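This report describes the two chains of one model in turn and then sets their values side by side. The sequence and structure come first.

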Amino acid sequence: MKEKESVIKVLDPRTCLMLLIFANLITFFQSSIWIEVGWICFLGCIMLFMGQYRMAVKWIFTYGFILLLQYFLLPAAPKAITTAFTLLVNYSRRMFPCLMAGAFMIKVISLRQFILAMRKMRIPQNLIIPISVTIRYFPAIKEEVHYIRDAIKLRNIRSADKLEAIIVPLMISATATAEELSAAAVTRGIENPIRKTSVTEIKFRLPDYLYGFIGLLFTAGAFVIK
Amino acid sequence: MAQSSGKGSLKGKDLITIGIFSAIYFVINFIFMLMGGLHPMMWILMPGFIALLTGIPFMLMCSKVQKMGAVILMGTITGLIYFVTGMFTVVILVTFAASCILGEAVRSLSGYSTFKGNLLAFICFSLGMTGSPLPIWLMHDKFISQISEQGMPAEYITTLEKLSSPAMLLVLFLAPVIGAIAGSLISKKMFQKHFIKAGIV
């Protein structure tokens, strides 16, 4: 389906992971705002090159909006609003570089590629399986909670019992999922000790090296400039 | 069901079970992490609240996977996800790793299947989250100036200053212990009330 895509639009999952780690370091060093802005623009550019136009526009605009809020709107706003929102704005701005890199990774990398990359990085199988299950199970939790809430509404449950009424079905369905998933996975040979092969091939190409290098420059910049 | 021995290595099924319960653990953990931003007191009590509510998933995982490595894997996954979302500091990394190893050791010594052993392991595991507010005491001045630079509202910081007494440090460590005990007792009750009836343990 996607075989026509040019080489430029394929990224190695490891590059995305690297970008994520760089984003982490940049957040950690907390250097000047300009590095952060540059980093956001850089990520936006990668998104554009990868053909994720809507995503790039959405994230850049959101970031711009947050900056606008923090530096222009909030200082001018009444005090009651300021205290309530400063925290929110701060948190989201602080998490933004990582969030953006993470969202990008989730969008362009399939879980299968990610598992392949983890295998290539020689992460033990005992860690790869639970991690991939965990990542895959997050959306399922959201769905489950949604269904459970609908059911709660129908049955008119007292608010004191609500927590129990959410957690217990969630646990039971989680256990059931674990059983089913294991049965399916064992059938497909998850317990086979032989090194697994894959049709998809991942390797570093020119864009990977380029993005990695620029990311490294940003990180070094964040480290040096205080 | 092959969940009797405490010695065998983790099989595919165990790994999947750990993965699923880690996801639930992480979601509950994350919700309280965010709520900690609302008020400093919430932040200090956060490990306690997390322990209180994650008792059920933790205990359920323990009863399903009675083998070595379950607690460490759960901790590693939580740690890794927090790391990629940029919310981990060095302090929490250390406390988290220590608490996971401690929890695993307790489970291994207690033979994996007893309620008391799992309870003790859960207390150890819950103590790991204390690393999040711990920098308030460890590097008080630097920390305060750092978060005020980040633009935390002045009110939050002054409340935090008031709360950073040695007595509160005790509260910080007592909260997860009490929370873990309460959480385990609740989960025991839930086991009897629901899970055994439903035939899942």
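A contact means heavy atoms within 4.5 Å. In chain B, 81% of the contacts with a separation of 6 or more join residues 24 or more positions apart. For chain A the share of such contacts is 76%.

The model is predicted: local features need pLDDT of at least 70, side-chain atom pairs count only at pLDDT 80 or more, and totals for chains, interfaces and linings use all residues. Residues are numbered from 1 along each chain as its sequence is written, chains are lettered from A and ligands numbered from 1 in the order in which they are written, and side-chain values use heavy atoms, with hydrogens and water left out.

**Chain A**

Chain A has eight helices and zero strands, where helices (H or I, at least four residues) and strands (E, at least two) are DSSP runs numbered from the N terminus. The radius of gyration of chain A, at 22 Å, is well over the 17 Å that the globule rule gives for 226 residues, so chain A is more spread out than a compact globule. That radius is taken over C-alpha atoms, and the globule rule is 2.2 Å times the number of residues to the power 0.38.

An automatic or database domain assignment divides chain A into domain 1 (13-109 + 204-225) and domain 2 (123-188). The centres of these two domains, taken over C-alpha atoms, are 31 Å apart.

Helix 7 of chain A (residues 162-187) contains A:Ser182. A:Ser182 is buried, with a relative accessible area of 3%; buried means under 20%, exposed over 50% and partly exposed in between (1.4 Å probe, protein chains only). Apart from neighbours within four places in sequence, A:Ser182 is in contact with B:Lys13 and B:Ile16. A:Lys196 is 14 residues from A:Ser182 along the chain, and their C-alpha atoms are separated by 18 Å.

**Chain B**

Nine helices and zero strands make up the secondary structure count of chain B. Chain B has a radius of gyration of 18 Å, close to the 17 Å from the globule rule for 201 residues, so it is as compact as a globular protein of that length.

**Values by chain**

Accessible areas come from the Shrake-Rupley method with a 1.4 Å probe.

| Chain | Buried residues | Accessible surface | Carbon and sulfur share |
|---|---|---|---|
| Chain A | 41% of 226 residues | about 13800 Å² | 67% |
| Chain B | 56% of 201 residues | about 8400 Å² | 73% |
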